[in-house]
Structures are given as C-alpha cells and as structure tokens.
Amino acid sequence: MIQGISIYHFLIVSTLMFFIGIAGFIIRQNLITILLSVELILNSVVINFLVFNRYLYPDQLQGHFFALFIIGVAAAEASVAIALIINIYRRIHNIESDNVNEMKY
Amino acid sequence: MMDFKYILLMRHELLLVLVAVIILIFDFLTDREKKNRLIPFSIYLFAGAMLVSFFPVKPGVLFGGSFQGNALTDFFKDILNLALLIVFMQSEGYLRKEENREKIAEYFVLLILTLVGMDYMVSSGDFLTFYVGLETASIPLAGLVAYDKFKSRSAEGGVKLILLSALSSGVLLFGLSLVYGATGSIYFSDIAKHITASPLIILGFIFFLSGMGFKISLVPFHLWTADVYEGAPMSITAYLSVVSKGAAVFILTIILYKVFKNITGLWETALYALAILTMTVGNLFAIRQNNIKRFLAFSSIAQAGFILVGIMGTGSLGMTSIVYFILIYVFTNLGAFGVASAIFNASGVETISGYNGLYKTNPRLSLIMMLSLFSLAGIPPVAGFFGKFFMFTSAGSKGYFILILIGVLNATISLYYYLMVVKAMFINKNDHPVPYFRSPNFLRFSLLLCSIALVFIGFAGGIFEYIMSVSHVLF
C-alpha cells in the first residue's frame, strides 16, 4: 500500500488501459500492434488483481498468484501469436490486417 | 503428508501426459521414411489409455479444493476422450499425405495436450485452475489450425484464432478480477457465499460471460467461428466444434450453477436474449453457405443456442440435459465431419453443390451423412431428437414456454438447410459426381461407431438415468 495514493487511482489507470487495449484491438491495422493491444488488456488485469489484493485483502496471496500466472500465460500466448504472424508474413510479405481477409462471412 | 492414492483422481490427465511423452519418444526413434507407423501406434496407445481411465475411483478433492474429481467430471472426461479417439481415427487419411509426414507426432501430441487442458478445466475448483486449463486448451489449437503450413487460409485462420482467443481471455480475466475484488476469493465455493447483485459483481459477470461467449461462439461473439473452421484442416474443425465447445459449455454450466447461484435471475435474463439471438442468427447465416465447413460452423453456432436453452432449466435436470446433449452431439457432429473429411481427402470436394449425386456413387457415406444431419435437425427416431427433447423439457420445467416456442421454430428453420444437403446427395442430378472410393479402415470404423450410436443411444434410457444419478453431487 502506498501512502497518499488511493485504490481509485489504480483502478482508473487499469480501466483506462483495458479500454485503450480494446480500442486498439479494433482500430489498429498491423497484426503486431493488435497483439500489443491484447498485452495492454492483460496487464490491466494484472494491475487489478494486485491492487485488489494489496488494498482490500492484504492478509492473502491469491491475487498475487493469479497475476503471476497471467504473466506466464501471456508470454506463451505472445510467442505462439508471433510465430503465426511470421507465418503470415512469409505468405504475403505484409502483416496488415486488411490483407488477411481471404475468408469473409 | 498427502495420501498417495488421491493422485489417482487425476488419472485422466496423467495418462494423457504419459501418452504424449511416449509418442514424442517413439517419434524420435523412428526413421523419416517410416513416420507413418506413428499413426496406428498413437491411436492404439491413446485407446489403451482411454480404457485404463474408465477404471472408477472414489470422488475427492486435491490441492485444497483446486481440483475436484467426482463421477460427473469423470463421465464427462470419458466423453471427451472418446471424441478425441474418433477425431484421431478420422484424421488418418489426412496425415498419410506426403506433406504431413514430418509433423505427424506434433499433431497427436498437441491435440492430446489440449485435451489435458480441457480435463483440468472441467474439474477445476477455482478460477486459477480454470484459467490455466482454458489457456492450455486454446493456445496449441491455434497452432493446429495453422497446421497446413503452405495454405494461406490455414495461416489466416490460425492468426484469427490466437488473436481473438487472447482478446476473449483478456475480457474474461477482467471480469474475474472484478469478481475477485468484490468477493476476496478465487475459489468457487468461497465466491458463491459472497455473491450479491452489487454493481461490481454484475459488471464482472458481464465481462466473464462475454469472454465465455467467444469460446463457445455465441452471437454476437461468433464472427471468428466460420473463418477459423474454414481455414483449419477438416479433423481440427471437427475437434473445435465438438470437444473444445463441449468442454467450455460444461464448465460454464457448472460456474453458472455453483458460483453465480445467488444471481440466477440475472444470468437467466442474459442467457434468454443470447439464446434467441444465437439460434436465429446461426440458422439464418447457415442457409446461405455453400462450403460444407462453413455450413457446419454456422450449424454448430445454432446448436450452441439450443444448449443455452437447456442451461436455463437450472438444477440437476439442466446439468443432465446438457451432458446428455453433448454426448449425442459428439457422435452427431463427428459423423457429419467424418463423411465430409472422407470425401475431401478422396476428391478435394468441400462444397455442398459438389455433393450432388453422391448417393449414386457412395450410398453408404450418403446414408451416414443423412443420419447425422437428421440428428442435428432433431428428427425423432435418431438420437439428436432425444437430446433436444430433454433440453426443452429442462427449460420447460422453469416455465420458459416462449423461449421453447422460439427454439422449436428455429429447429424447423434448421430442417430446411439440413435437408438441402440431403437433397443434394439423393435427388440432384450431376454429370460428374464424386467417384466411388474406399476410405481408410480407421475412418470406416469411426463412422460405423457414430452411426450405431446415433441409432441406438436414444433408446438406451439407462444413459440418461446414469447422468441424472451422478449429477446430483453438484447440488
């Protein structure tokens, strides 16, 4: 717990990060940037878990453990996603999402 | 000191990991030219592991409640094992192609590891185990969707799946973090005690439901489904539409019934709207498809809508009807996908118009396809009717008659497009129909199994009563 900073400050930051991530996922064209937006969402969740644990339930560790697992799984997810994006790049020499639209509706 | 015999509760998962390791070692010891031997070896090994895990064990919990094993989860894991075995048998022809020789072991190992993730998810007792199981199940699937390395559609499907499943787990986790903040625990049993209709919990629940909606492809979270199903190899599509979806539906039902029990009225309203949307939109989009994979993708979206109708009837009747429906759905959908993949591997045809005149050349395949489609539509003598019947009964026991009416109307609409495929096979004329071919033996056996199950499972009343008796442990 940090003196002078209330839980609301942290929650505002994490909620902003979450919705910036959602907006980025929808607006951005580059597949790597879309992946970055997803990472932003996951990091906002990590902040949420840590802050709730530290401020509201300081005698437990469940939120901390959850945060650690999210970080690990996010790394695995990013590595697989980047491998698949490289696979796309080899096909079309380009990773703009507008060019990855062979299938629709 | 932990009693050693409790580890037997995890026998499904441990046996699957063992099978995966043995397949990897066998792959390492096999020459490049003889890799095809891996296919029968892996199938027999997996079947052996499946038989061993039928062995019953007393119910219990592990790791302080994180892992729960009881007769219901064991039965459901056996269904998933059986479904994966059928998928393996159906993928033989595909794996024997020259371009796949190098990657046969990866195919089996990745599929088995996704099943391990689903098994952990099915018997999870807290949200951490649930989340890790969910990710273990969904990350390798993206690799499998992109398994055809030299097809751009396969690569596109893989990227779409991994990005959207990462987004959906992000949304789901945000909801879980809010629920954690409001209740102070991640264990199902502790959360259930503190759930009230406070704004924070409602917001968290909505995010959670949207995340799960992506995983089981409910409308309006369904747009990835058809693209990923079309891009993936045929047997992976079958796996996605049956096993992956079935496991997610099962754990969603358990979480709704156990964790969010205190706000039942709230989630029933949400599910009511989602069920109507999912059935209707899935059906309407299925009508305009010509590719058989996209057609079955939209039909599986519509089936997810029917499953939601079953979830509405809470209590052990709801749980029983869901598990019974998934058991029948496994045979139904794998029968349809088995025929489709046999035809695709033999002739490369995957459009519905390409099926014209199939009955003249391949009568037995057409009959099995017809049985499966009748079962999907829910025509009485076939098993699918009984699955739908019990789900409507379950919703009816809570008085949702308007929802049932909409469900029955949708089942009638769905009959139209299922019969279009039957008409193509039996009535439409074609100068160049798919020539006669003989499928690999494993595939023939799996289709025989599916069609026997479709004809007889509805009349074996003992199965429904067995599920009913084991699902009482939840309540």
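Among contacts in chain A between residues at least 6 apart in sequence, 51% join residues at least 24 apart; two residues are in contact if their C-beta atoms, placed from the backbone, lie within 7 Å. This is a predicted model, in which local features need pLDDT of at least 70, side-chain atom pairs count only at pLDDT 80 or more, and totals for chains, interfaces and linings use all residues. Residues are numbered from 1 along each chain as its sequence is written, and chains are lettered from A and ligands numbered from 1 in the order in which they are written.

Chain A has 3 helices and 0 strands, in the order α-α-α along the sequence. Helices (H or I, at least four residues) and strands (E, at least two) are DSSP runs, numbered from the N terminus. Further values for chain A are tabulated here.

| Property of chain A | Value |
|---|---|
| Radius of gyration (over C-alpha atoms) | 17 Å |
| Span of the C-alpha trace along its principal axes | about 50 × 25 × 25 Å |
| Buried residues (20 or more other C-beta atoms within 10 Å of their own, placed from the backbone) | 32% of 105 residues |

The contact between the chains takes 34 residues from chain A and 30 residues from chain B. On the chain B side, α6 (127-145), α7 (152-183) and α10 (223-231) each supply at least two residues. The largest share, 16 residues, comes from α7(B). By class, this side of chain B has 15 nonpolar, 9 polar and 6 charged residues. Ala, Val, Leu, Ile, Met, Phe, Trp, Tyr, Cys and Pro count as nonpolar, Asp, Glu, Lys and Arg as charged, and the others, Gly among them, as polar.

Helix α10(B) is largely enclosed by the rest of the structure, because 7 of its 9 residues are buried. The buried residues are B:T225, B:A226, B:D227, B:V228, B:Y229, B:E230 and B:G231. Their cover includes α6, α7, α11 and α13 (292-312) of chain B.

Within chain B, helix α3 (residues 71-90) packs with helix α11 (residues 234-258) at an angle of about 175°, with the axes 9 Å apart. Axes are lines fitted to C-alpha atoms, for helices over the stretch in contact, and angles run from 0 to 180 degrees between N-to-C directions. α3(B) and α11(B) are therefore roughly antiparallel to each other, a term for angles over 145 degrees. Residues making this contact include B:F76 and B:L80 of α3(B) and B:Y239 and B:F250 of α11(B).

How values were computed:
Angles under 35 degrees count as roughly parallel, over 145 as roughly antiparallel, 65 to 115 as roughly perpendicular and the rest as oblique. A residue is buried if 20 or more other C-beta atoms lie within 10 Å of its own, exposed if 12 or fewer, and partly exposed in between; C-beta atoms are placed from the backbone. The radius of gyration is taken over C-alpha atoms; the globule rule is 2.2 Å times the number of residues to the power 0.38.
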